[in-house]
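Hi there,

Here is the structure I promised to pass on to you. Please open it up and keep it beside you while you read my notes below.

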Amino acid sequence: MSLSPLDVVKYTAAFGQWAISKGNKKIVIGRDGRISGPIVSQLVAQTLVALGAEVIDLGLSTTPTVEFEVVAEQAAGGIIITASHNPKEWNALKLLNEKGEFISAETGTQILNDADQENLQFAGVEQSGSYTHKPDHAERHLDAILAYPLVDAVSIKKKNLKVVVDAINSSGAIFVPALLQKLGL
């Protein structure tokens, strides 16, 4: 099944409605580098704004970074716009809860039902949400990795290792080299 622009709006609205129903309007979004990413990202962002959400758009980002930023921003949830390793013509919405984890099957069923039944409530113009682009998101995630107790950056640097990475021309092609450089590789 193809993810049409109408599907993006419908499923984003159902997710956003679920996420902000708990009292927190902040939602983090990020996307991979596929061709349809900018279009889908803007549909997602503006749908959430129309619900009254406070959107934090990371732009080009990795899945783990979006998960990390949901927690760091104390958001109600997040949406990762990616179809992972599927062909370039595909795209998908990966939905996260407030812990930066993928939503449960039960929540997913509820969101799908609300979307399919178009049980959606958009905010009035006076209650529209906000949009913030946050291009510096990767630094905070990289710093957190380096500060993690199990990562011994000094020992890694001393080993003088060389690493080859195939980041499949997507967001990993930006994030992974930056991490490896910080580790002295």
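Leaving aside its neighbours within four places in sequence, which residues is Glu69 in contact with? They are Val28, Leu58, Lys134, His137 and Arg140. One thing to keep in mind as you look is that this is a predicted model.

Glu69 sits in helix 3, which runs over residues 63–72. Its relative accessibility is 0%, and buried means under 20%, so Glu69 counts as buried. The Glu69 side chain also makes a polar contact with the side chain of Lys134, at 2.8 Å.

Next, have a look at helix 2, residues 37–51. The buried residues of helix 2 include Val40, Val44, Leu48 and Leu51. The partners that the buried residues of helix 2 pack against are helix 1 and strands 1, 2, 3, 4 and 5. Just after helix 2 comes Gly52, with a positive phi of about 100°.

Now for the whole chain. There are seven helices and five strands, in the order α-β-α-β-α-β-β-α-β-α-α-α along the sequence. The radius of gyration is 18 Å, close to the 16 Å that the globule rule gives for 185 residues, so the chain is as compact as a globular protein of that length. Buried residues account for 42% of the 185. Of the contacts between residues at least 6 apart in sequence, 75% join residues at least 24 apart.

Enjoy exploring!

Terms used
Residues are numbered from 1 along each chain as its sequence is written. This is a predicted model: local features need pLDDT of at least 70, side-chain atom pairs count only at pLDDT 80 or more; totals for chains, interfaces and linings use all residues. Side-chain values use heavy atoms; hydrogens and water are left out. Buried means under 20% relative accessible area, exposed over 50%, partly exposed in between (1.4 Å probe, protein chains only). Helices (H or I, at least four residues) and strands (E, at least two) are DSSP runs, numbered from the N terminus. Contact means heavy atoms within 4.5 Å. A polar contact is a pair of N or O atoms within 3.5 Å; within protein, one must be able to donate a hydrogen and the other to accept it, and residues adjacent in sequence count only if both atoms are side-chain atoms. The radius of gyration is taken over C-alpha atoms; the globule rule is 2.2 Å times the number of residues to the power 0.38.
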